[in-house]
Each structure stands twice: as C-alpha cells, then as structure tokens.
Amino acid sequence: MSTKNVMIVGVGGQGSLLASKLLGRLLLDEGYDVKVSEVHGMSQRGGSVVTYVRYGEHVYSPVIDKGEADVIVSFELLEAARWLPFLKKDGQIVTNIQQIDPMPVITGAMEYPTELVDKMKATGAKVDALDCLALAEEAGSAKAVNIVLMGRLSHYFDMPEEAWMKAMEAIVPAKFLEMNKKAFELGKNA
Amino acid sequence: MKELMLGNKAFARGLYEAGCSFVSSYPGTPSTEVTEEAVKYDEIYCEWAPNEKVAMEAAFGASLAGVRSYCGMKHVGLNVAADPLYTMSYTGVNGGIVICVADDAGMHSSQNEQDSRHHAIASKVPMLEPSDSGETLSFVKLAYDLSEEYDTPVIVKMCTRVAHSQSVVETSDRAQIARKPYEKNIPKNVMMPGNAIKRHPFVEERTAKLRDLAETASFNRVEMRDASASGKHVGIITCSTTYQYVREAFGNNVSVLKLGMVNPLPVNLIKDFAAKVDTLIVAEELDPIIENHCRALGLDVIGKDVLPICGEFSQNLLKKYLSPIVTGEEYSEDVTAVNDQIPMRPPVMCAGCPHRGLFYTLSKNKCTVLGDIGCYTLGAVAPLAAMDMTLCMGASVSAIHGFNKAGGGENEGKTVAVIGDSTFMHSGMTGLANIAYNQSDSTVIILDNSITGMTGHQQNPTTGLNIKGDPAGKIDLEALCRSMGFERVRVVDPYDLKACDEAVKEELAVKAPSVIISRRPCALLKNVKHNPPLRVNRDKCVGCKSCMKIGCPAISMKDGKAHIDNTLCVGCGICEQLCPVGAFESCQKED
C-alpha cells in the first residue's frame, strides 16, 4: 500500500499529543510502519500546532506536505481552514466546531472568518464537523475532546473497534479509561 | 522489542544501552527530551547544569574518572560549550564522551539557523548524523565505541525533524561497561602549550584514520537505483532527515549515497559514487558542507545553486527544485484553500503569565528593553511590544552596560535589561559582574518564575529542586546580587501593577546600578494555586478596551464589551487593575 497521511492540528495546549500517541500505537499494533512528527517548544504557547502521522509498508519522510493529507483532524475550526492546503483532493476533514480567537482577532486587527465549514466544503473537501467540546463534557470531561475526535476519525479507518480499544487501554491511565471510552463512542456515533 | 519512539527518546535509549552512566545538560529545544528521558533510567546519573559549557566540562570530568558520559544541547548551546569542545578534541577521553547537538532548521524555536557541522569540522571532532529514531539509537552506541577506540569526543547531530519525530526502533539490553581506572597523564590531559603542541598532530592523524574508516564503514552507504530505471542516472549525496525526503520524493529512481558520518567526509567513496552516475546532486539542509567537500575534490555537482540555504527541506521542496533534473518534468503543487484571509496564530504569553504585568509596566513607561532568551521574548509581540533587542543567552545584562556607558544618563534613565531566572544562571551573572565592576547605572530585571519555562519546565539552580524534583541546593538571587556589590536589590510581585510601576520608575531615576526581581511562579506549574476566573459585568463595562492593552488570550471583545474566556482565565487580576469602571468580578470556577 502507499503511505497514508493523517494530520492533527489545533491550538497549543489542546491535547493533540495524546491523540497522536493513540493513533501511533494503534497503527503500530496493526503492523504498519509508522512515523509521527510533533511540535515542541515555542509554538506550544498558544500557537498553531500540527502533528503529522504517516503509516504504510515503509514510511520515509516524517512530515506531510501540501496536497498530501488523506485526513485532517482539527481541534479548532480556524485551524482546519488554515491547514486545508495540506489536504489531498477529495480528502476528509474531521473538525471540532469550537472557535478559539487568535491574537489578531483578540486585538481587533482581524475578524474570525465566518461560515468556514461551508467555505471548506465549497473547495471540494469532505468536511465532518461536530461539537466535540459538548460531547466531551457529556462524557465527563472537557479534556476528552481529543478522544471524541479519535472516535469520529475511526469512521475513516478500516480497523476494528477492538483495536482502537486495545490501543486506548495501552495509552490512557486506568482511572480515565471508562470516561474516554464513552467519549470515543459519543464521537463515533455523533 | 519493537517500539514507536521519539528521536530524542531513542537517543536516551542509546545512552542506556551503551552503558552511559553520567549525563549533564542544559535544556534547549529540540534537544531537551534526551536528558528528560535519560533520567528515567536509574542506572544513569543525570543533572541540569547551569549552562552548556559547565555541562560539557562536567561530562569531561566524568570521562576522566573513567565512565561513559554525555551532554546535550541545542545548536546555539554548542557555541557556549565550544571552548571545552575544541580542546577536548586534543585531550581525547578516558570513558567515552558523546555530545548531542540539535539543530533547528526552520527555526521552530530558535534565534538563528546555524549549521553545527561547522563546529565539528573546526574542532576536528567526528560527527554522526542519524536520519530517524532507529538510526539514532544505533549511532549513539556506535559513537561510544568510536569515542573510546579513536580517543575523541563524538558528536551526534540531531535536527528538529529527527529529534521530534517518532519512528520504530528495536531495543536491546544495557551493555555492562566497567569503570576505567583514572590514571594521571600530564602530557595528555594538561593542555598547556608544550603538551598541546604534541597533541595537535595526534588530532590530525586521528582525523585521517577516521576518514579511512568513513570510506568503508556501514554508516555511510550506497543505494544504487532500480536496474529497470531508464533515462539519465542521477545520484544524490545526502544525510540526516533529507535522506528521507529524497527517498519520499524520488523513490528508487535515483541512486543515493547516504552519509551517516558528516565529519570527516570520505574521499574515495564519494569519487566512486560520482563516477557511476551521470548527474551528481548534493541535497543537504542549511550550509553547503558536503557540496564544498565535493567541489574541493574537483567534482561537478549540483547543490545550493539550485536548493535553498535557508529553512527546512521537505519532499515537495525537493520535487520543486530537483524534479526538472531528476525526471525532466516541472513539479507543480495542486492545493485548495478558502478565500478568506486566515488570521495568524502566533505563540503568546499564557493567560496568567507573570511576565505580562511587568511587560505592561515597561510598555507604559516607554522603556527601552534589552531582552533575552525565554518565554518572555514574547514581550516583543503586539500589543505589548515591550522589547528592543534579543540576541543570545545573557546578552541583555551585558548589552545594557555598553548601551548605558555609550549613551550616558539619557539611556540610563529609561533602559532596562530583562532576563529569566534560568537564563540569568546560564550567563547573566557574568554580565552583572561587569555592571558591578565597571559601574554603569543600569537596571536589571530578573524575571523569576521559578522554573525554566520555554523548554517545558526544567529545574535550575534557583528553584531548590534537582532534575528528579528532589530537594537540591538553592541559590538566593537577592544575596547573590548584593554580594556582587549591588546595594539596590528589590523584589516585586508582577501581578501588582502599582508596585511594578513604582519599582521601575524609582530604579530608573536613581543614580546607581540596581536589580529588580520580578517574582511569581509560571502560571502553568502544576503546584500553583490560581484564583477563580474573572467575569465581565456587561452593565458596567463601557467598552474602553483598557483591558485589551495587555494581550491576554483570555480577553476578547464581544458586541462592544469585554469578554473573558473562563476556561483560560486564572484570575491573575491584571485586567481588573486596568479597568476604570470596576467591571471585572470574580466568579467561582464552573465544574
């Protein structure tokens, strides 16, 4: 198979590292060669952050380039639009509809763009948008947004749910496991 | 066992498996996690040193005592440690020494984009350069063997994309390495002229031997293209993560010479490879080091005449510049985007960051601010924009002295240096000694947030805790500054704007050198207790935007009135102090 590309994007501090850890574990367990590229350091201070997950028979580059992503998973709506140029033609976006104002919007220098979901769809991208924060809170913690998104992402992966659960058991601390499993189901069935 | 591992974690695993037992480092992105992962192995003694020079000298001492040692740093850290490095090249080692230097092409978290390979060449120290986590682990082990066999420190050079990418590694057990006895050896270890003169030829002979090794060793490998490939035979010499981009972009349509050792570089291996191909390309990030080596060998090579010197590479970048040469076809990107302009999302000071109140004060007083390296460099960002200079670790304290001596009272009355606690320990103290000694009326503000913030919360000599979080020695900043001769040393709480304003105004006005310690722990520290978030009383808010001057990510304007995001607000109260109508109220945190 050719290498598949999944990007996880969001705002520094939103918990995307756990999502990439889960995905990496799942793919390794399923027998793929995997590379995951993360961002550390200054960008983590509330900046735009991106994680690249690549898998296949043999993965060379650790990064995903413009026009290469099969799926973009976004923790925040504006970030989905920012990274859209990295999506393949007919690629899939899975995004949280939560909006976090960046500094140019906070200072009033710019407006937060409106109707981004429709505008992204108009480019031909397939967009699956859901309110992950509400679902995470329903599961028991606002911090479970990442697992809600992973549940939704599972629709676009041809892998049995047991494999996801096995990876989750390996990654998530036991005391949060039930809550996260619920978050996964809520995301999956949203 | 097969594991998915971050490059830096694989480096630490390599240290463990190679039997390393002493680690001393200073944090710096993208090198920090090597030491943070190494400390998880009980068999390895680990510490944060005050700076990279101290770390490298400590590692040298441990080697002298007979154990395998390590120190790690980012590219600019190696400038600080260059002094011991260049002479450790002469002394060589007892126990093996491995040095990690992590470059940051693309400047994800750095103030410049220097290429550390120059240091390896100039210090005549061998340098290995892995291209993924698996290679990192094996190169670290190889580096220790080379270090002891060839009597030299060995540098393993990482880059952001290798350090911060996870890929699959195969782990094994720790080698049992006995401590070597220490033997007094004046000609080898006392580098005064009479001894060093004799060591220099040794260094040259060692480099020649390592070059011979580089001709045949498996860390440099040739991968010839598919026999079925047609057209012009293109050969690419490459190293590090660029190897992965070459393979990604051109698959098996090109032949590749992948260099795992970038200093010293082989001669015959390169000439032989060049002779087998029609067109020779060197693909390397940053400076043309392999390329210049090839040119010195008289080879006709394509390199930085086509590829950029600035920034990171990627598969598409190589396709863009090299496809016309490799396949004869132009490459064009086919991308989609929304038409709206997407607002940038630069990093910002966190909500509740203790630096904010102090920088607001400096901005309000229109101070000239000589800055330093850390989270507080973000004080340069709008709307605070309270910074005039950032150069390197410690430069704020040294530069304010020159700035004030040259400008006299005009500068002294409005200029401050700002430096974090960890950066002050790193190289601010020597600058402070110069102010105390040569007497300029300079005001130095130490931003003491009780941690090394930017690199992700490492302890330092002022925090009272060691790398494991256990109690350790604690340097008293006030006492230190007073003992240097500063009579004016005062502490302020940066959440108290009035106190900050008074301190800055008074210390700038007085004709004496002074230190202000702005003290409050980083808002992200787990043990910090926060106040409940604030909310805006919309009936009282007049929409004057006074609270917007501090650039807090938790405050925005909604329908003409201020609004607080209570998931971000930690109740620091800076905005409350700026509000002329008392519109901010405390609320209990919602669960």
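Figure 1. The elements that give two or more residues to the side of chain B touching chain A are β1 (2–6), β8 (165–170), α11 (240–250), α14 (315–326) and β20 (555–558) of chain B; helices (H or I, at least four residues) and strands (E, at least two) are DSSP runs, numbered from the N terminus. The largest share of that side, six residues, comes from α11(B). The interface also holds five salt bridges, a salt bridge being a side-chain nitrogen of Lys or Arg within 4 Å of a carboxyl oxygen of Asp or Glu. In a salt bridge between K89(A) and D334(B), the N to O distance is 3.6 Å. The model is predicted: local features need pLDDT of at least 70, side-chain atom pairs count only at pLDDT 80 or more, and totals for chains, interfaces and linings use all residues. Residues are numbered from 1 along each chain as its sequence is written, chains are lettered from A and ligands numbered from 1 in the order in which they are written, and side-chain values use heavy atoms, with hydrogens and water left out.

**Figure 2. Extent of the interface of chain B and chain A.** In chain B, 56 residues are in contact with 52 residues of chain A, contact meaning heavy atoms within 4.5 Å. About 4700 Å² is buried between the two chains, and carbon and sulfur atoms give 58% of this area; buried area is the accessible area (1.4 Å probe) that two parts lose on being put together, summed over both. On the side of chain B, T336(B), P343(B) and R345(B) lose the most area to chain A, together 18% of what that side buries.

**Figure 3. The salt bridge of R345(B) and E79(A).** The closest N and O atoms of R345(B) and E79(A) are 2.5 Å apart in this salt bridge. Because R345(B) is in the loop between α14 and α15 (355–364) of chain B, while E79(A) belongs to helix α2 (residues 77–83) of chain A, the pair joins two chains. R345(B) and E79(A) are both buried; buried means under 20% relative accessible area, exposed over 50%, and partly exposed in between (1.4 Å probe, protein chains only).

**Figure 4. Surroundings of R161(B).** R161(B) is part of helix α8 (residues 160–163) of chain B and is buried, its relative accessible area being 10%. Apart from neighbours within four places in sequence, R161(B) has contacts in chain A with S37(A), Y52(A), P62(A) and V63(A), and in chain B with H108(B), T241(B), Y245(B) and E312(B). The side chains of R161(B) and E312(B) are joined by a polar contact of 2.8 Å.

Figure 5. E135(B) and K258(B) form a salt bridge through their side chains, at 3.0 Å from N to O. This pair links distant parts of the chain, 123 residues apart, with E135(B) in helix α7 (residues 133–150) and K258(B) in strand β11 (residues 255–259) of chain B. E135(B) counts as buried because its relative accessibility is 12%, and K258(B) counts as buried at 0%. The side chains of E223(B) and R247(B) form another salt bridge (2.6 Å, N to O). E223(B) lies in strand β9 (residues 220–223) and R247(B) in helix α11 of chain B, so this pair ties together parts 24 residues apart in sequence. The relative accessible area of E223(B) is 16%, so E223(B) is buried, and R247(B) counts as buried at 5%. Through shared partners, salt bridges join E135(B), R221(B), E223(B), R247(B) and K258(B) into one network.

**Figure 6. Buried residues in helices of chain A.** In helix α7 (residues 161–171) of chain A, the buried residues are A163(A), W164(A), M165(A), A167(A), M168(A) and I171(A). These residues pack against α1 (16–29), α6 (145–153) and α8 (174–189) of chain A. Helix α1 of chain A contains S20(A), which is buried at a relative accessible area of 0%. Leaving aside neighbours within four places in sequence, S20(A) is in contact with I8(A), V36(A), E38(A), T51(A) and V53(A).

How values were computed. A polar contact is a pair of N or O atoms within 3.5 Å; within protein, one must be able to donate a hydrogen and the other to accept it, and residues adjacent in sequence count only if both atoms are side-chain atoms.
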